[in-house]
Amino acid sequence: MALGIEASLGESVLTSKLDEIINWGRKYSLWPYVFGTACCAIEFMSTAAAQFDISRFGAEVVRYSPRQADMLMVCGTITYKQAPILHRIYHQLCEPKWVVSVGACATSGGIYDNYCTVQGIDQIIPVDVYVSGCPPRPEGILNALMDLQKQIESNSILIDPQARHKDFRGILDQ
Amino acid sequence: MNDTALTQLQEAFPSATCTQVIDTAVLDVQTDDLTTTLTALKENFGCDLLLDVTGIDYLTYPKPPQKERFRVVYTLRNWRDNLVVQVRTGVSNPKIGLPTASSIWESANWGERECWDQYGINFSGHPDLRRILNHVQFEGHPLRKDYPVDKRQVLMESDSLEAPLKARLASKDTGHEAMTELGTDVMFLNIGPAHPATHGAIRFAVALDGETILANVVEIGYLHRGFEKLAEKHTYNQVIPLTDRLNYCSSMMNNIAYVKAIEKFANIEITERAQFMRVVLGEFYRILDHLVCLAAAGVDVGGLTNYWYLYDEKEAAYDFISKLCGGRLMSTATRIGGMYHDFHEGWEKEMEFHLAAIEKGAGDSQGLMEKNRILQDRMQNVCRFSPEQAISFGLTGPNLRSCGVPFDLRKDAPYYNYDAFDFDIPIGSNGDVYDRFMIRYEEIKQSIRIIRQAMKMIPGGPVNVNDPQVHLPKKAQVYTKIEGLANHFKMVFEGVHVPKGEWYDGYEAANGELGFHFVSDGSGTPYKCKVRPPCFYTLGSFPAMVEGSMIADAIVNLSCLNIIGGELDR
């Protein structure tokens, strides 16, 4: 039985919480910035192409300007030479923003345990979702997207999005 | 290589020691004779293609062949007569180093820069001796044997590239000084590496007059992941997964090139079936590599439709590859002495299905692109390169052939029965971006021809050599016989023992000549494994290609050169 405003206006309105409606909008309109450096970027290409079709999850609007994106997907190995660029791009993204670490290299350095490879991008920027695999299958990337959507559901406009990572200090934050 | 070539070389260079290692003539020269020897080889012996420059550090080598710690090797090729020559010289003092060869070949510029970066060997007279793979704040030289593999160095801020760009602008007679009189000035612009058109790992800085590029410098190394250092820490077979990640668009071709080089030196004769398997799969991956290049190049000129046509076929081909290798992108399908395992049942039918689909997809795409006026205007007569320039810069593969040079290792130095197949080598007539783009459609057609012939000719039988020193014994033997168990353990722990020596071997990969230069100390681990990546030298020619063109031309040129970061930076 309808209550409140729905009782007087019938089925023409739906009532909800402001948080829910905003989170619903956000989670189905994640605009990825693909920081593609290596092999994982090829698998992201597959994820975006017809067979896996990332647009089913509302995340097909790939932007190459950090000002226009809210989901940073780090697809590939990050070297120490690349690290300052990733760091700068992360800070150029507007809040609220989320970071997905795609593949073994971005997550932990992967098989490249050596002098030039950063052993996981969480030494530089905070990460929300990690994807395993070398490279991960497109299903893995889509799964990360769904995980992120779940995380977004619990957001609230009353909480400052920056508060999540206010204690984060990476190797380049000095 | 024939015997007369070796005799002729010895006669021409009496003070040098001339030996033959597999198909390569190796000349050991004194440092003082280096420049004259290299010049004479280019002028008199037709070695106009400098394939690679690399150093060797003998610090931990058992019984080193020379008293000096370092040695530099120049690998040259006479592409007309199928002659590979290596010129080696000891370096008594790396700080003084050697005279540069960059005035003889343009490709020596980047080759020697890398040698300096990785080994700290100086090249006197080099126009631009800077670090190339490692970052500006890096200290030390990582491929030296006393540099620990896990000694990491953090870069706090990227290099602005201002100094090298201004130096290059000053060295060119562009007349830009007159611009100030007109009340304008040169504009400096940075593009990449985090730019979609530079595909993630390349950065270039340009000096502009309006939209016209006056000077350009390219910065690489953003995906330098230490392949060569890691290879020294793994057994020969363990390196195969690392080779997947060189050119990740055609991983199988790297696998094949790598094991082919080792098998050739270690005198391992693989079975007929394995040879045909490598032909079929190598050509299939060549097609896939070209599909990605064409798809991405279309996107870079604003034609997204083309991407869907081509990428769909690549995606479908993953079904076949997953069945064969277990993974989509990374194959790791070869082993020293053969293949990981045989084809699955019914592969011929599936392969034919994919070939037909690719024929249709690539045909549709070619129909869209070939006669498209916008594409023609964007690509024709843009960034032209002459055959002489292309050879001097060390271009190989489709990029070289698009400039009109009919050089293809599959025809000129055939391996794996390539001489038995009926196929053509497409070449370009203009050396412009359009040729570099269209030649890949033609190569796809030729590769399909080769695969169809190979599928008819492929014999039955095993895909691995029956030699416990080379290949893992069958599981049944490991579980029931002590010899089998012992062989298994030795193979896994020690790896395949490759005889002591140094050698180079090349393979016609999708982007050009993919070569491996090995130094073996007789153990199961490579003492040194240097890759000759085709992309590296291709990108070295990029500034010369784009200077004088517009920014938009440089973007479309970059995508048609098909630079793959993993292979470029290793």
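Modeller: A polar contact is a pair of N or O atoms within 3.5 Å; within protein, one atom must be able to donate a hydrogen and the other to accept it, and residues adjacent in sequence count only if both atoms are side-chain atoms. Between chain B and chain A, 18 residue pairs are in polar contact, both residues at pLDDT 80 or more. This is a predicted model, in which local features need pLDDT of at least 70 and side-chain atom pairs count only at pLDDT 80 or more, whereas totals for chains, interfaces and linings use all residues. Residues are numbered from 1 along each chain as its sequence is written, and side-chain values use heavy atoms, with hydrogens and water left out.

Colleague: Why is the pair A:K81 and B:E219 called a salt bridge?

Modeller: A salt bridge requires a side-chain nitrogen of Lys or Arg within 4 Å of a carboxyl oxygen of Asp or Glu. The closest N and O atoms of A:K81 and B:E219 are 3.0 Å apart, so the pair qualifies. The count between chain B and chain A is 3 salt bridges.

Colleague: Which residues are said to be in contact, and how many are there in chain B and chain A?

Modeller: Contact means heavy atoms within 4.5 Å; by that criterion, 50 residues of chain B touch 40 residues of chain A.

Colleague: What area do chain B and chain A bury between them?

Modeller: Buried area is the accessible area (1.4 Å probe) that two parts lose on being put together, summed over both. For chain B and chain A that is about 3800 Å², 62% of it on carbon and sulfur atoms. B:R152, B:R225 and B:R328 supply 18% of the area that chain B buries against chain A, more than any other three residues.

Terms used:
Chains are lettered from A and ligands numbered from 1 in the order in which they are written.
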